Amino acid sequence: MASASKKSVLFVCLGNICRSPMAEALFAEMVANRGEKDQWKIDSAATSTYEIGSEPDSRTNKMLQTNNHSRSHHLARQITKDDYNKFHYIFGFDESNISNINRRKPGGCQAVIQLLGEFDPQNQRVIEDPYYGDMSEFQRVYNQCSRCLTAFLEKEFS
């Protein structure tokens, strides 16, 4: 069961090298800026095994640094059965992520599983994978994640 003393969130995308480590890094800085770093457990994972052990895509870190954030040092990993009980919130980025997260979900899971985009004030529910795109796609993901994470914090924890 997720710890009652700490809030926890897991960001999950296909490979854990683009969207989810970007959201993890952004969210970690947001809660740190609120003076709440010690109150949160934050991580990211993949639904696939494609990139296990890989660092974030270089464009993910370039986008974080371009927008004055620290680069991510996360190493890709796959979501585990234990994650479903370690985290209060598990966010996917598209319907395929959500389908794969739910397919692996063990019985008795208490985590809230939903699209991060459900918090988007611009109603862009899906945050598309930027992997095959250029830097403009990574900027779009950064902008969407920033909006959604800000709205999530304001709605759930203000």
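1. Helices here are DSSP runs of H or I with at least four residues, and strands are runs of E with at least two, numbered from the N terminus. Please keep in mind throughout that the model is predicted.

2. Most residues other than glycine have a negative phi. Asn-16 is not a glycine, yet has a positive phi of about 65°. Asn-68, also not a glycine, has a positive phi of about 65°, and is placed in the loop between H2 and helix H3 (83-86). Is each of them buried or exposed? Asn-16 has a relative accessible area of 1%, so it is buried. Asn-68 is at 71% relative accessibility and therefore counts as exposed.

3. H1 against H2. Two packed helices are described by the angle between their axes and the distance between the axes. For helix H1 (residues 19-33) and helix H2 (residues 58-66), the axes come within 9 Å and cross at roughly 25°. H1 is therefore roughly parallel to H2, as angles under 35 degrees are classed that way. Their crossing is right-handed. On the H1 side the contacts come from Met-22, Ala-25 and Leu-26, and on the H2 side from Thr-60, Met-63 and Leu-64.

4. H1 against H5. Here the axes lie 10 Å apart and the packing angle is about 45°, which means that H1 is oblique to H5. This crossing, too, is right-handed. The residues of H1 that take part include Arg-19, Met-22, Leu-26, Phe-27 and Val-31, while those of H5 include Phe-138, Tyr-142, Ser-146, Leu-149 and Phe-152.

5. Met-22, worth a look on your screen. Which residues does Met-22 touch, leaving aside those up to four places away in sequence? They are Thr-60, Met-63, Leu-64, Phe-138, Val-141 and Tyr-142. Met-22 belongs to helix H1, and its relative accessibility of 0% means that it counts as buried. Met-22 and Ser-146 are 124 residues apart in sequence, but their C-alpha atoms are 9.7 Å apart in space.

6. Aromatic pairs. How many aromatic pairs does a search of the whole structure find? The count is 14. One of them joins Phe-91 and Phe-119, edge-to-face, with 5.8 Å from centre to centre and 85° between the planes. This pair links distant parts of the chain, 28 residues apart: Phe-91 is in strand S3 (residues 89-92), and Phe-119 is in the loop between strand S4 (112-115) and helix H5 (135-157). Both of these phenylalanines, Phe-91 and Phe-119, are buried. Phe-152 and Phe-157 are edge-to-face because their ring planes stand at 80°, with the centres 5.6 Å apart, and planes over 60 degrees apart fall in that class. Phe-152 has a relative accessible area of 0% and so is buried, whereas Phe-157, at 23% relative accessibility, counts as partly exposed.

7. Ring pairs connect Phe-11, Phe-27, Trp-40, Tyr-89, Phe-91, Phe-119, Phe-152 and Phe-157 into a cluster.

8. A charge over a ring. One further item to inspect is Arg-59, which lies over the face of Tyr-131 at 5.7 Å from the ring centre.

Conventions. Residues numbered from 1 in each chain as written. Predicted model: local features only at pLDDT ≥ 70, side-chain atom pairs only at ≥ 80, totals over all residues. Heavy atoms only, no water. Phe/Tyr/Trp six-rings, centres within 6.5 Å; stacked < 30°, edge-to-face > 60°. Buried < 20%, exposed > 50% of the residue type's maximum accessible area, 1.4 Å probe, protein only. Lys NZ or Arg CZ within 6 Å of the ring centre and 35° of its normal. Axes fitted to C-alpha atoms, helices over the stretch in contact; angles between N-to-C directions. Parallel < 35°, antiparallel > 145°, perpendicular 65-115°, else oblique. Left-handed = near helix turned anticlockwise from the far one by under 90°. Contact = heavy atoms within 4.5 Å.
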